[in-house]
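Here is a short tour of a ligand site and one residue beside it. Have the structure open and follow along.

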Amino acid sequence: MSISDIDVPQILPSQPHIDRPHGAVGFEKPHTQQAEVGSQHFLSTYPTMPAIDPTTQSNYREFTVHQGAIHMDIDFDARVVHGKVTFTLEGANATQVVLDTSYITIHEVTVNGTKAEYTLHPRKEPLGSKLEITLPQPIEGKFDVTITYDTTEQTTALQFLDKEVTDGKVAPYLFSQCEAIHARSMVPCFDTPSVKCPYKLSATSPYKVLMSGRPLSQEGNTYYFDQPVPIPLYLITVASGDITGLPIGPRSTVYSEPVKVKDAQWEFEADMENFLQIAEKLVFAYEWGTYDALVLPASFPYGGMENPNMTFLTPTLICKDRLCVGVVAHELAHSWLGNLVTLALWSHFWLNEGWTVYLERRIIEAIAVAEAKQKGLPNPEEYGAQMRLFSAIIGWTSLEGVIANMGADNRYTKLYLDLTPDDDPDDAFSQVPYEKGLSLLVHLEQKLGGKTVFDPFIPHYFKTFRYKLLDTDEFLDCLYKFFADKKDILDLIDWKTWLHTTGLPPKPAFDTTLADQCYQLVDKWSKANGDYTQFTQDDLLLFSSNQVVVWLDTMLQHKWDQATLAAIDKAYPTLGTSSNYEIVFRYYKLQVAGGVPEYCQKMAEWLGTVGRMKFVRPLYQVLAKVDRDLAVKYFKKWQDSYHPICRSLVVKDLGL
Ligand code: BES
Ligand code: ZN
């Protein structure tokens, strides 16, 4: 397919999020329906939801942003980006444009081509330094603001890697990670999800460049991209290095360093197009043209990041059994949720992630149904439901663990986060918005009458809010309007507890058919009483990778003495060397939590080979509990290889 074949959607320029004076989201009268929504449970109890984004210092509410154009000149020697950004704005008689920046050096600011005065204010943690640009006179209509700038070594969105630490060791590498509020360290901007606009993107580099848009052309060392769909700044991305691609579907290419591109292709090619088609059935046609993915070097701090047209993936997904593809389904689902329909404020993060996990698991369920049909299994729908349930059990266990770790009264365990200007969204990040959010949506699906009743709401919801922003109240408003005939059922939902109360939500009643075998094996270990000869490799032979994960998760809920841990290691010698990182991670955790010195050492070494925070952060935490000196020593050894976001969070976790 060529670029000209791709349908470019009709787009409206972004409007700052709906004006609701004094921030009473959901209290203003235009939302009459909303005022009725569970008024006794929800709205009247929480009069403080802000309408203004507390995580930006910019004056984004004074402007409509029509267009953004970002150019980056990548300087691998100096490890900086020389950047130039232009925003086309429109505001009624504004006198100033105030943008977010973080660790950026400003060279020049122009307004409609004429130099303008500016002040770069001192840093205010965690938000950075605001850049105040004085407009020569109040401007009616559209105007362009252009900033020429450099990033610095402290820039948190970017990681430069020397060629020695890449897989192929051929060229240095650069990649960005902007969510949640790191975009401001890569480009001066209105760094709030509340501002969405289309972008022209380009970058100059001696090595191949990928960005979050549709590739247009390459002229010399400069690569051009177009992002016609209005997107928030946190979705802007860049990567450059020795990168090559192979097809994984009719509209999809996987990119990575050449040494692992074939493995990456094998891992994803069987599922990619199926995922797309299933998601399209659940929601509506994929509207971004191509869906490509880049498998990054080990230090990429997340499992995946939904950069439009170019999902970023951790290399830990290449597990050689195609069983970690759930992350791809997840990032793909963000193409609708987050990227088309965007949260207005980070406090509503659950709307992005809870919904995305919901769609991810519906996709995996549909794949399982199709597979079961292909294999001629007796009850394919039932099989699919079991698979979905199994993921729910894994998710629930992780939610229990995470909430126990954070403390059941930790305010970040609420679904609505209520962030203030002192909160760093990175600190608020946890599994809670994912799994508690998912639990709420599954609860809704069940209460409303199951999938067949709930499913028509999905495209309705996405069509209502595509290209726009929304918050939790607008979601509720939409839900109540759509299910007007089921208001009684919705009113019975305890919104206050679900959205505004810390700790675990009510535990769903799980059918544990598939998990029971895992629980039985845990039981056998707890009753072993020194008789370890009964355990052999065969115990796990018929387990799927997910069942091994559930078995390990359940084992992790008990304390084991060193004799038992040694027996486990003897009976199942391949767990620690599995190519599936989800298994290795849990197995190390089990052995290290029991204080097995050999595993403390092995794991400390392993921590130098992964950068995905899901693994790195908990493993340093368990290690520090049994051997703090070793944890600190190895963190100091490996810290330079971690992404700046990961590094700073482990520093906080270890109290360094
Ligand atoms: N958008 C997130 C990653 C993210 C969240 C980055 C918040 C920065 C701040 C991405 O879609 C995600 O959720 N990734 C998960 C994948 C998993 C839930 C399948 C991850 O990284 O583990
Ligand atoms: Zn996500």
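This is a predicted model: local features need pLDDT of at least 70, side-chain atom pairs count only at pLDDT 80 or more; totals for chains, interfaces and linings use all residues.

## Around E306

Beyond its neighbours within four places in sequence, E306 is in contact with E179, Y234, L235, T311, E331, H334, N339 and E353. The residue sits in the loop that runs between β19 and β20 (310-313).

Is E306 buried or exposed? Its relative accessibility is 2%, and because buried means under 20% relative accessible area, E306 counts as buried. For a sense of distance, take S129, which is 177 residues away along the chain: the C-alpha atoms of E306 and S129 are separated by 27 Å.

## The shell around ligand 1

E306 also turns up at the ligand: 17 residues surround ligand 1, and the closest are E179, G303, E306, E331 and Y434. Sorted by class, this shell has six nonpolar, five polar and six charged residues.

## Polar atoms facing the ligand

Which atoms of ligand 1 lie 2.6 Å and 2.9 Å from polar side-chain atoms of Y434 and H334? Both are described as oxygen: for Y434 the distance to an oxygen atom of the ligand is 2.6 Å, and for H334 the distance to an oxygen atom is 2.9 Å. E179 places a polar side-chain atom 2.7 Å from a nitrogen atom of ligand 1.

Taken alone, ligand 1 exposes 520 Å², and the protein buries 91% of that. The elements that give two or more residues to its shell are β19 (304-305), α4 (326-333) and α5 (349-374).

Conventions. Residues are numbered from 1 along each chain as its sequence is written. Chains are lettered from A and ligands numbered from 1 in the order in which they are written. Side-chain values use heavy atoms; hydrogens and water are left out. A residue is near a molecule or strand if one of its heavy atoms lies within 4 Å of it. A polar contact is a pair of N or O atoms within 3.5 Å; within protein, one must be able to donate a hydrogen and the other to accept it, and residues adjacent in sequence count only if both atoms are side-chain atoms. Accessible areas come from the Shrake-Rupley method with a 1.4 Å probe; for residues, only the protein chains shown count as cover. Helices (H or I, at least four residues) and strands (E, at least two) are DSSP runs, numbered from the N terminus. Ala, Val, Leu, Ile, Met, Phe, Trp, Tyr, Cys and Pro count as nonpolar, Asp, Glu, Lys and Arg as charged, and the others, Gly among them, as polar. Buried means under 20% relative accessible area, exposed over 50%, partly exposed in between (1.4 Å probe, protein chains only). Contact means heavy atoms within 4.5 Å.
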